[in-house]
Amino acid sequence: MPKAHVLVVDDDGEIRETLVELLEREGYFCFEAANGHSALRKLDELPRPCAVVLDVQMPVLDGQGFLDALHHRSDHRDFPVILISAHPETPKLGRLPGVVAVLMKPFGADELLQLLSGLGFELKPEVEGPLDS
Amino acid sequence: VLQTLAEFLDTWQQELIKRWMGALRETAAGASLSERQLEDRLLTYLRRLSEALAHSDRTAPSPAALAETQRAAAEHGEQRLELGYDIAAVVRDYAALPATLHAFLRERGFEPSGEEVFGLSSFLVEGIATAAHAYSLERDAKVREAAAQHTGFLVHDLRQPLQSLRLRFDLLERRGGALSHDDTRLIRSALESLSDQVDGALRKSRLEALPTPQMETVAVKALLDDLTNLVMPIAEAKGVSISVECESELALEADPRLLSSALSNLVHNGVKFSEAGTVSLRARATKPGKVVFEVEDACGGLPPGVTEKLFDPFVQLGEDRSGFGLGLALARRVADLHGGALRVHDLPGRGCVFVLELPIRHLETLQ
């Protein structure tokens, strides 16, 4: 079983920071990007598989732009995407290839953790599982 | 020899359009429009009008001919909305035609029959009604669309800090223990952002519910001087100078608080968007019975196609996004409340001039 890696992509530094702290606490290895463009540039260096928690509205390259570019890569299946968005039209994007789920902001930690654990990634050995969920 | 009014209109179409537009130029709304914008649909309207007169019997306009003039008028109403006219200005467009035509008929020595004059005025009344109706339908649709859009933006902007708070709370609940420096920083920042959004929404609703103006005689020079003194420190800090041109005895009837806040917004904007140079504040009486305030800045000119968007609430076009983008919307609202108008002229490469035109005497006082 692969280890649990997550790339957190959100232009809101505070949300990103908190997500990373939360996920790391739950045993995930986290990587960060502030927009779709820098997320794409990180893909080659990421361990596989790696879940992508992806905001939709971002400067430089938005979530949809990232998904388009990701879909053109032969290794896109290594990067299952969970969309997170405050935009009411986002659920429609859930049908795009590569998107496994859509979470509307403001979502709770449990909702995200449940989705991530549903991907079947193994947690780091030193952490036994979600502490209290 | 011209026999009918329809023939007369047909023959003298170009000259009439020229004179009609000349009359429109003198209105506040027409002053800043290009020849093409001003003329748009008017020529079509005049053509349909002479066709309609030619094809109608002497006592009543034919429905088909009427429909054609109405279509031109409806398009005209929509176009005027795009240009930022208020509804009174749309009506004035048409009201200027009989006056222009009357003078021109006399000049050419042509006397239309009573039936023709009656026919013409029925068409004009229908034209005004249709143009104003089309204008108001379009405007209502725009207002609804803008309100929905604004709610969407507001919800989006509220969700971001809420998300930040919710995740931080979940994290704290899992982690337990005391709040770290990061925790308090993030929570404070999210709460501040929420308060800002709520304040912004509140300010917008206050803008829509501005009070009925409390009219009194306002000495313009003193008002402008007070305003300048308030803005001067901000301007000096930026290296922008402020000049005031106003006759010392100029006065008008206005709500001094509202007028001052409208002008203050215009001057603040001028200073905010000028890198250097001068913001000129001018006021003068113009005929007939109007006072024109001009605030000219050195912002370098406006991006193309934005002159009307500028006045929408929450629109911020410059690099400097401080404030809520309500200043110009408020200034225009104040103009409306005084029965005046606010427009902007672009001075490409230099800056722009905001023109606030208000009646010297308030309508209610006249009655």
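Let me begin with one pair in this predicted model: the side chains of D10(A) and K105(A) meet in a salt bridge, with 3.0 Å from N to O. A salt bridge here is a side-chain nitrogen of Lys or Arg within 4 Å of a carboxyl oxygen of Asp or Glu. The pair links distant parts of the chain, 95 residues apart: D10(A) sits in the loop between β1 (5-9) and α1 (13-25) of chain A, and K105(A) in the loop between β5 (99-104) and α4 (109-118) of chain A. Helices (H or I, at least four residues) and strands (E, at least two) are DSSP runs, numbered from the N terminus. D10(A) is buried, with a relative accessible area of 0%, and K105(A) counts as buried at 1%. Buried means under 20% relative accessible area, exposed over 50%, and partly exposed in between, with a 1.4 Å probe and protein chains only.

A word on conventions. Residues are numbered from 1 along each chain as its sequence is written, and chains are lettered from A and ligands numbered from 1 in the order in which they are written. As this is a predicted model, local features need pLDDT of at least 70 and side-chain atom pairs count only at pLDDT 80 or more, while totals for chains, interfaces and linings use all residues; side-chain values use heavy atoms, with hydrogens and water left out.

I turn now to the interface. The contact, meaning heavy atoms within 4.5 Å, takes 19 residues from chain B and 25 residues from chain A. Together the two chains bury about 2,100 Å², 49% of it on carbon and sulfur atoms. Buried area is the accessible area (1.4 Å probe) that two parts lose on being put together, summed over both. Three residues, R159(B), L167(B) and R174(B), supply 35% of the area that chain B buries against chain A, more than any other three residues.

How many salt bridges cross the interface of chain B and chain A? The rule finds six. In one of these, R174(B) pairs with D110(A), the closest N and O atoms being 2.4 Å apart. The elements giving two or more residues to the side of chain B that touches chain A are α8 (114-175) and α9 (181-208) of chain B. The largest share of that side, 14 residues, comes from α8(B).

R185(B) forms a salt bridge with E17(A), the closest N and O atoms being 2.8 Å apart. R185(B) lies in helix α9 of chain B and E17(A) in helix α1 of chain A, so the pair joins two chains. R185(B) is partly exposed, at 33% relative accessible area, and E17(A) is also partly exposed, at 25%.

Within chain B, the secondary structure comes to 13 helices and seven strands. Of its 367 residues, 43% count as buried. The side chains of K290(B) and E357(B) meet in a salt bridge at 3.7 Å, N to O. This pair also links distant parts of the chain, 67 residues apart, with K290(B) in strand β5 (residues 290-296) and E357(B) in strand β7 (residues 351-359) of chain B. K290(B) is partly exposed, at 25% relative accessible area, whereas E357(B) counts as buried at 13%.

Finally, the whole structure. A search over all chains finds 30 salt bridges. In chain A, D44(A), R48(A), R73(A), D75(A) and D78(A) are linked in a network of salt bridges.
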